[in-house]
Amino acid sequence: MNYTNDKYRYLISGRCPIRITICALLFCLFVGPLAAQSADDPPFSAEHPADAALFQEADGTWVFMDFPSGSRLFVYDEDAPGKSACTGGCASAWPPLVVSDDSLKPVGNWTVIVRDDGNKQWAYKDQPVYRRFHDLPGEVQADGFHLLRP
């Protein structure tokens, strides 16, 4: 029996602890991070201010909601970037998502704009954000307003 040949046969056979350790390490480095994200995690940046929450609907789509009330959030077609066009009666039916605390700062795609009445309102990707006074489940657009989705 040749000891040198037995040593190499042992290394190649796959029973070598070093080989198993290296394979396990490579698996953890390359496959582990992919497995760590669950199927329920959003496939995008989920940063949002404390006045909003990210929610996954039954059909699997992600929407932003007012926190803590749970009303879905909308954007308005008539708004210019960073400027709200929804005032008066419009703002009564579609209340702006106001900044609840002056200590809250912009985060991720969320910024703060100042409305004509002086109140601070959240904007997502430079679009002013609104709640709906009578939010109806399943409705994703009405009167030029569209459901805010990431």
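Q: How many bridges join strand β4 to strand β5?
A: The model is predicted, so that local features are given at a pLDDT of at least 70 and side-chain atom pairs at pLDDT 80 or more, whereas totals for chains, interfaces and linings use all residues. Residues are numbered from 1 along each chain as its sequence is written, and side-chain values use heavy atoms, with hydrogens and water left out. Helices (H or I, at least four residues) and strands (E, at least two) are DSSP runs numbered from the N terminus, and two strands pair if DSSP finds at least two bridges between them. Strand β4 covers residues 110-114 and strand β5 residues 120-124; the two run antiparallel, and the number of bridges joining them is five.

Q: Which residue in the turn between β4 and β5 has a positive phi?
A: V114 of the pair stands opposite K120 in β5. The two strands form a hairpin with five residues between them, and the turn residue with a positive phi, of about 95 degrees, is G118.

Q: Which residue takes a positive phi in the hairpin of β5 and β6?
A: β5 and β6 pair in the antiparallel sense over two bridges, and A123 stands opposite P128 in β6. Two residues lie between the strands of this hairpin, and the residue with a positive phi, near 50 degrees, is K125.

Q: Which residue in β6 does F74 stand opposite?
A: Strand β3 (residues 74-76) and strand β6 (residues 127-130) run antiparallel and are joined by two bridges. In this pairing, the residue in β6 that stands opposite F74 is Y130.

Q: Which strands stand at the edges of the sheet, and why is one side of each left without a neighbour?
A: The open sheet has six strands, with antiparallel pairing, in the order β4-β5-β6-β3-β8-β7. Each edge strand has a single partner strand, so one side of each is left without a neighbour in the sheet; these strands are β4 and β7 (141-142).

Q: What is the torsion about the S-S bond of C86 and C90, and is the disulfide left-handed or right-handed?
A: A disulfide here is a pair of cysteine sulfur atoms within 2.5 Å; the structure holds one, in which the sulfur atoms of C86 and C90 are 2.0 Å apart. With buried meaning under 20% relative accessible area, exposed over 50% and partly exposed in between (1.4 Å probe, protein chains only), C86 is buried at 0%, whereas C90 is partly exposed at 22%. The torsion is about -110 degrees, so the disulfide is left-handed.

Q: What is the relative accessible area of R132?
A: R132 lies in the loop between β6 and β7. Counting contact as heavy atoms within 4.5 Å, and leaving out residues up to four places away in sequence, R132 touches R72, F74, A93, W94, P95, E139 and A142. R132 is buried, with a relative accessible area of 17%.

Q: How many residues apart in sequence are the parts that the pair of R131 and D66 ties together?
A: A salt bridge is a side-chain nitrogen of Lys or Arg within 4 Å of a carboxyl oxygen of Asp or Glu, and the structure holds four of them. In one of these, the side chains of R131 and D66 meet at 3.7 Å, N to O. R131 is partly exposed at 26% relative accessible area, while D66 is buried at 10%. Because R131 lies in the loop between β6 and β7 and D66 in strand β2 (residues 62-66), the pair ties together parts whose separation in sequence is 65 residues.

Q: Which residue meets D102 in a salt bridge?
A: D102, exposed at 56% relative accessibility, lies in the loop between α4 (89-93) and β4, and its partner lies in strand β5, so the pair ties together parts that are 18 residues apart in sequence. The side chains meet at 3.7 Å, N to O, and the residue is K120.

Q: Is R115 buried or exposed?
A: The side chains of R115 and D117 meet in a salt bridge at 4.0 Å, N to O. D117 counts as exposed at 52% relative accessibility, whereas R115, at 7%, counts as buried.
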